[in-house]
Amino acid sequence: MLHVNENYGKIQASYLFTEIAHRVAAHQAANPGADIIRLGIGDVTEPLAPAVVSAMHKAVDDEASRENFHGYGPEQGYAFLREKAAAADFAARGIDIAADEIFVSDGAKCDCGNIQELFAGDVTIAVTDPVYPVYVDTNVMAGRTGANAGGRYDGLVYLECNAENGFVPSPAALEGAPRKPDLVYLCYPNNPTGAVATKAQLQQWVDWARSAKALILFDAAYEAFIRTPGIPRSIYECEGARECAIEFRSYSKTAGFTGLRCGYTVVPKGLAAYAADGRPVELRPMWTRRQTTKFNGASYITQRGAEAVYSPEGAAQTKATIDFYLENARLIKEAFGKLGYTVAGADDSPYVWINVRSDSWEFFDVLLKRLNIVTTPGAGFGRAGEGFIRVSAFNSRANVLKAIERISKL
Ligand code: PLP
């Protein structure tokens, strides 16, 4: 008899965004004429930068000629993209990351989900609460947790993020934890809270990971939104991070690639975990092996598009789009602030995190049913998200202004 992977049965029945879609569809069905503004799911709305579009047009023409045709590419990504990423994202900021430590992929979600394959089944995982659900669910599927009780999985270590700690936990929070984590997922600028971590805060985690022989999985999908001077764009800005951190990057929010699919993961040379006998085992060859076995590369056309993000025009155009979203975020933050709500995020992030002082699904329903505005209830990201909603700044200015007008009447 064929047995299923019963770990899937532990996962909460509905993915957060499926439940939201369900409620929005029910509201739309009951009110067919309702003009619903979607400030919920974090998908981009603005078109690609012209420099990216023209690079991809040229890449399509390459594929149309015998001389320039590209079939299967290198599984780790084309050198033209890895070299530009190493130069612009790291060397230009004084960070020591080489092109052959960069693995191009079809996005950060897959990499965040796949990376856990490199580690033993019994490692202890720590996640923030609230959290981007992919880190948790992929480990649940792999059997690294017990059952879910009251919204939390047995065996996972939860690091609470709240107003008191500025939504950035410190390793001191692990004191007294029943189990010490081997892997810690951190994401800054954060989804969903929009918080950023200072260099000193990240350095504490790096120092902790080195002394604990643990590893940080750092998700920098939103680094391009950082505007506050001094906030690190990369975990590798911290001393010693090459010895204890893997970093995920994405062109989705940086350059509007949510539909194109492209990102990359940094696995530094020398970064190791340990065999049962205590012998260090390098992770970069393991990730290389994993990718060459299970992945066949992001498309040539997409990688040419991503390369164009680093051209002077591409960089200026993508920055302008991010500035546009940041202004949306500022407007949303201001609107809720005027109503007396305590609002976090928005300054270096497309997400506005609002303390609604009530049940977050109830507040979600109020905004949906009374104002025809879709948001994301904080409770969907974890227990510590209860009492908050996440509002996404990914939308047209016209919709944001219309939403603000409705919110002002709340
Ligand atoms: N990481 C975080 C924190 C995200 O919020 C998202 C997308 O919403 C992703 C990763 C996924 O990025 P990608 O589109 O590159 O898969």
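Which residues does D62 touch, not counting residues up to four places away in sequence? In this predicted model, the residues that D62 touches under that condition are N68, F69 and Y300. D62 itself lies in helix α2, which covers residues 50–63, and it is buried, with a relative accessible area of 9%.

The protein chain is divided into domain 1, made of residues 6–47 and 315–407, and domain 2, made of residues 79–308. The centres of domain 1 and domain 2, taken over C-alpha atoms, are separated by 25 Å. At the interface, 33 residues of domain 1 are in contact with 43 residues of domain 2, and the two domains bury about 3000 Å² between them, of which 59% is on carbon and sulfur atoms.

Polar pairing across this interface can be described in two ways. The rule finds 13 residue pairs in polar contact between domain 1 and domain 2, with both residues at pLDDT 80 or more, while the count of salt bridges between the two domains is 1. R227 and D323 form a salt bridge in which the closest N and O atoms are 2.9 Å apart. On the side of domain 1 that touches domain 2, at least two residues each come from α10 (312–338), β13 (342–345), β14 (351–355) and β17 (388–392). Helix α10 gives the most to that side, with 7 residues. By class, the side of domain 1 that touches domain 2 holds 17 nonpolar, 8 polar and 8 charged residues.

**An enclosed helix**

Helix α5 spans residues 133–141, and because 8 of its 9 residues are buried, it is largely enclosed by the rest of the structure. The buried residues of α5 are P133, V134, Y135, V136, D137, T138, N139 and V140. Their cover includes α4 (108–114), β3 (125–129), β5 (152–153), β7 and β8 (215–219). Just after α5, G143 takes a positive phi of about 85°.

**Backbone features in the loops**

One joins Y188 and P189, with omega of about -5°, and another joins N191 and P192, with omega of about 20°. P189 is found in the loop between β7 (183–187) and α6 (199–212), and P192 is likewise placed in the loop between β7 and α6.

N372 has a positive phi of about 60° and sits in the loop between α11 (360–371) and β15 (373–374). At 17% relative accessibility, N372 counts as buried.

**Salt bridges**

Side chains of opposite charge can pair when their charged atoms come close.

| Residue pair | N to O distance |
|---|---|
| K294 and E117 | 3.1 Å |
| R152 and E160 | 3.4 Å |
| R304 and E307 | 2.8 Å |

Where do K294 and E117 lie, and how many residues apart are they? K294 is in helix α8 (residues 283–294) and E117 is in the loop between α4 and β3, so that the pair, 177 residues apart, links distant parts of the chain. K294 is exposed, with a relative accessible area of 54%, whereas E117 counts as partly exposed at 36% relative accessibility.

R304 and E307 are separated by about one helical turn, because they are 3 residues apart in helix α9 (residues 300–308). An α-helix has 3.6 residues a turn, so residues three or four places apart point the same way. R304 is partly exposed, with a relative accessible area of 22%, and E307 is buried, with a relative accessible area of 15%.

Beyond these pairs, a network of salt bridges links D89, E223, R233, E247 and R249.

Note on methods: Residues numbered from 1 in each chain as written. Predicted model: local features only at pLDDT ≥ 70, side-chain atom pairs only at ≥ 80, totals over all residues. Heavy atoms only, no water. Helix = DSSP H or I, 4+ residues; strand = E, 2+ residues; numbered from the N terminus. Buried < 20%, exposed > 50% of the residue type's maximum accessible area, 1.4 Å probe, protein only. Contact = heavy atoms within 4.5 Å. Domains from an automatic or database assignment. Buried area = accessible area lost by both parts, 1.4 Å probe. Salt bridge = Lys/Arg side-chain N within 4 Å of Asp/Glu carboxyl O. Polar contact = N/O pair within 3.5 Å; in protein donor to acceptor, adjacent residues only side chain to side chain. Nonpolar A, V, L, I, M, F, W, Y, C, P; charged D, E, K, R; others polar.
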